[in-house]
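Have the sequence and the 3D view open side by side. This report walks through surface, interface and charged pairs in turn.

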Amino acid sequence: MSVRARSAILSLLLLAVFLAAWHLATLPRAESGASVDPEYAKLMGLDKPKSDGMPTPAQLAGTAWKQLSDPFYDAGSNDKGIGIQLAYSLGRVGLGFGLAALVAIPLGFLIGLSPLAYGALNPFIQVLKPISPLAWMPLALYTIKDSTISSIFVIFICSIWPMLINTAHGVASVRRDWLNVAKTLEAGTVRTAFQVILPAAAPTILTGMRISMGIAWLVIVAAEMLVGNLGVGYFVWNEWNNLSLSNVIFAIGVIGVVGMLLDLAFGALQRAVTYVE
Amino acid sequence: MSAAFLQVRGLTRRWSPGAKPVFENVSFALERGEFVCIIGHSGCGKTTILNILAGLDEASGGEVIMDGREVSGPSLDRGVVFQGHALMPWLTVRRNIGFAVKSRWPDWNREKVDAHCQKYIDLVRLTGNEDKKPSALSGGMKQRVGIARAFAIQPKMLLLDEPFGALDALTRGAIQDELTSICAETHQTVFMITHDVDEAILLADRILLMTNGPQARIAEIVVNTLPRVRSRHDIHHHPHYYRLRNHLVDFLVHRSKLLQEGREDEAANERLPRVVMPGLADHEIVPGDAAERLPALKQVK
């Protein structure tokens, strides 16, 4: 049996063990105080199996089924399907990330081409890069005065650095030989930029984009918890306020799966532009 | 005597002002259709000279004149074959050559570019590999693509920077033969760097010998006294072959260093490199075209 098949079986086994442990841990506990008056117990709700609020795997499956069978229902501002929430989150991430790419890739290109610009901007980038994107939130809310645009700004500011740095690095480390070929062939600046530097730096640029997308997806959940109104992050927080842990766990799972799909998509893009030297 | 096709006069290169020059006062000339090799140890500035000829580097002093015009900056008139082939790995063989062709003739449509590429792919015997990426090619094939790319723009002159350095002996031999036949067909003017004495004897009409760097210079211009049409298979049977070869090896092993060390004394009387024709005894010298155009021939051995 191939390693691949064996590891798949092992994965399934681990999942089964995990689910079994979860199931056992969340089984309703038998009440020890049996001496309570039945009437009183009924009144207090003690006759029903007691649960500590943590759903069993079966309950979670029920919740997931319910959510997934009608993902786009809309029953008021605080009760929308997971599909709608996801669409809002993905829309914000897409906008913020897209704007960041529009700024970071051309700017990174220029920085990569000019050692002067690289040296001049590097200190700023190094200081701005480690700032938690959420730290920008109050400033964004104060200046923009709109929570949705603020969350898009936060995505923008967190996506920009990896793309900027990777693009600059990729452009700066294009092999001299290829640039010399372009020079001896009298290829113009635009032609060299698009037909030599861009394809040469594309794998590094895509790496930056992949990292940025990963960070953006991490940040959107936190940002939406802060600004509220819509999105998966808000959904998680809202269900926590509803004390619906099975919805919270379901949402966590969805966030993970969507994040993985985004990463896979960028991985595929990266492979498409990667070349073997 | 009309001016030579390529004239290099007093070329000097310093990495920083005031520093010792890597090489200085390098002067030589190439006739149209001539194949010239330059040999010297690493660090003597061979590649820098080639880069200056290509327009990729600038001299600190001196001038390069090609076809009556001063060389400043790269030009499609000079095709370069790079040491590490320098193919773009994301392009197929056809597109790599096509990039060059499109640079030369920007107005050509796709069909015309492709047809032109095909001609040069066939020339270097890579027919059938047009759509492969460089990573799918062997070292020899890659270098062939590099040669095809340089020839495809039909430059006035070809600059080769140790094009066969990384190849095994068999592949190298095969491509050397191809290069010789292509050059003979197209009457290409070629300036080539090599480390390989045999390669220089096989390919070159004249061989420039450089002393060691820093302050390297061209110490000798060796005229290849073997017949112009040479073949790898029997060149070593020619009576002059070993005399010529020994002269070159002897230069590389001993004199390149001695000349560098003792250059202060010689500087006065050796402003210009001497021209030698090893292999021929005095009475054997036939006034060929090489001998005619080079004044003040000095004889060794």
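Which helices of chain A each supply at least two residues of the nonpolar patch? Helix H4 (82-113) and helix H5 (115-128) do. Keep in mind that this is a predicted model.

## A nonpolar patch on chain A

The patch covers about 530 Å² of surface. Six names to find are A:Leu99, A:Leu102, A:Val103, A:Leu107, A:Leu121 and A:Phe124. H4(A) gives the largest share, with four residues.

Now pick out A:Phe124. This residue sits in helix H5 of chain A. Is A:Phe124 buried or exposed? The relative accessible area of A:Phe124 is 55%, so the residue is exposed. The cut-off for exposed is over 50%.

## Where the two chains meet

Turn to the interface. On one side, 20 residues of chain B are in contact; on the other, 19 residues of chain A. The size of an interface is often given as the accessible area lost when the parts come together. Here chain B and chain A bury about 1,800 Å² between them. Carbon and sulfur atoms account for 71% of that area. Which residues of chain B lose the most area to chain A? They are B:Pro89, B:Trp90 and B:Phe99. Together these three make up 35% of what the chain B side buries.

Polar contacts do occur: four residue pairs are counted between the two chains. Two elements of chain B, strand S6 (78-81) and helix H2 (93-104), each supply at least two residues of the side that touches chain A. H2(B) gives the most to that side, with four residues.

Over all chains, the whole structure holds 18 salt bridges. One of them joins the side chains of A:Glu224 and A:Arg92, at 2.9 Å from N to O. Why does this pair tie together parts that are 132 residues apart in sequence? Because A:Glu224 lies in helix H9 (residues 189-227) of chain A, while A:Arg92 lies in helix H4 of chain A.

Check how covered the two partners are. A:Glu224 has a relative accessible area of 0%, so this residue is buried. A:Arg92 has 4% relative accessibility and also counts as buried. The cut-off for buried is under 20%.

## Salt bridges in chain B

Next, look at B:Lys156 and B:Asp67. Their side chains meet in a salt bridge at 3.2 Å, N to O. The two residues are 89 residues apart, and the pair links distant parts of the chain. B:Lys156 is in the loop between helix H4 (139-152) and strand S7 (157-161) of chain B. B:Asp67 is in the loop between strand S4 (61-66) and strand S5 (69-70) of chain B. B:Lys156 counts as partly exposed, at 29% relative accessibility. B:Asp67 is partly exposed too, at 32%.

A further pair is B:Arg245 and B:Asp198. In this salt bridge the closest N and O atoms are 2.7 Å apart. B:Arg245 belongs to helix H7 (residues 241-261) of chain B, and B:Asp198 to helix H6 (residues 197-203) of chain B. The partners are 47 residues apart. B:Arg245 is partly exposed at 24% relative accessibility, and B:Asp198 is partly exposed at 28%.

How values were computed. Residues numbered from 1 in each chain as written. Chains lettered and ligands numbered in written order. Predicted model: local features only at pLDDT ≥ 70, side-chain atom pairs only at ≥ 80, totals over all residues. Heavy atoms only, no water. Patch = residues over 30% accessible without salt bridge, like charges linked within 9 Å, V, L, I, M, F, W, Y side chains within 5 Å. Areas by Shrake-Rupley, 256 points an atom, 1.4 Å probe, with all protein chains shown as cover. Salt bridge = Lys/Arg side-chain N within 4 Å of Asp/Glu carboxyl O. Buried < 20%, exposed > 50% of the residue type's maximum accessible area, 1.4 Å probe, protein only. Contact = heavy atoms within 4.5 Å. Buried area = accessible area lost by both parts, 1.4 Å probe. Polar contact = N/O pair within 3.5 Å; in protein donor to acceptor, adjacent residues only side chain to side chain.
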